Amino acid sequence: MFYKIKSVIPLDNMLLKIEFENGIIKIYDVKKLKDRFKIFKDLENKALFELAKVDAGGYGIMWNENIDLSCNEIWENGAIINE
């Protein structure tokens, strides 16, 4: 099952505020990925990080053609801030 993303807001400290189409809002910490996947270290560049946008169809977040996150990763590992 996919939890489609409605919107994303880049926050300070490499955090994303994600709203899903079902109304749930989560905070996702991108910092934890930079130790596991080198490509995410590029997001330490604040200008690049702030380019985060919902990909076509709402199935993930993307920054450029090389860096993206799936909606399922965010759903499973993000922290709910509303219910």
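Let's start with Lys26, which sits opposite Ile80 in strand 7. Strands here are DSSP runs of E with at least two residues, while helices are H or I runs of at least four, numbered from the N terminus. This is a predicted model, where local features need pLDDT of at least 70 and side-chain atom pairs need 80 or more, though totals for chains, interfaces and linings use all residues. Residues are numbered from 1 along each chain as its sequence is written, and side-chain values use heavy atoms, leaving out hydrogens and water.

Strand 3 (residues 25–29) and strand 7 run antiparallel and are joined by 2 bridges; DSSP must find at least two bridges for strands to pair. Zoom out, and 4 strands make an open sheet in the order 1-2-3-7, with antiparallel pairing. Strand 1 and strand 7 (79–80) are the edges, each pairing on one side only.

Finally, find Lys34 in helix 1 (residues 31–34). Its side chain makes a polar contact with that of Glu44, at 2.6 Å; such a contact is a pair of N or O atoms within 3.5 Å, and within protein one must be able to donate a hydrogen and the other to accept it, with sequence neighbours counting only if both atoms are side-chain atoms.
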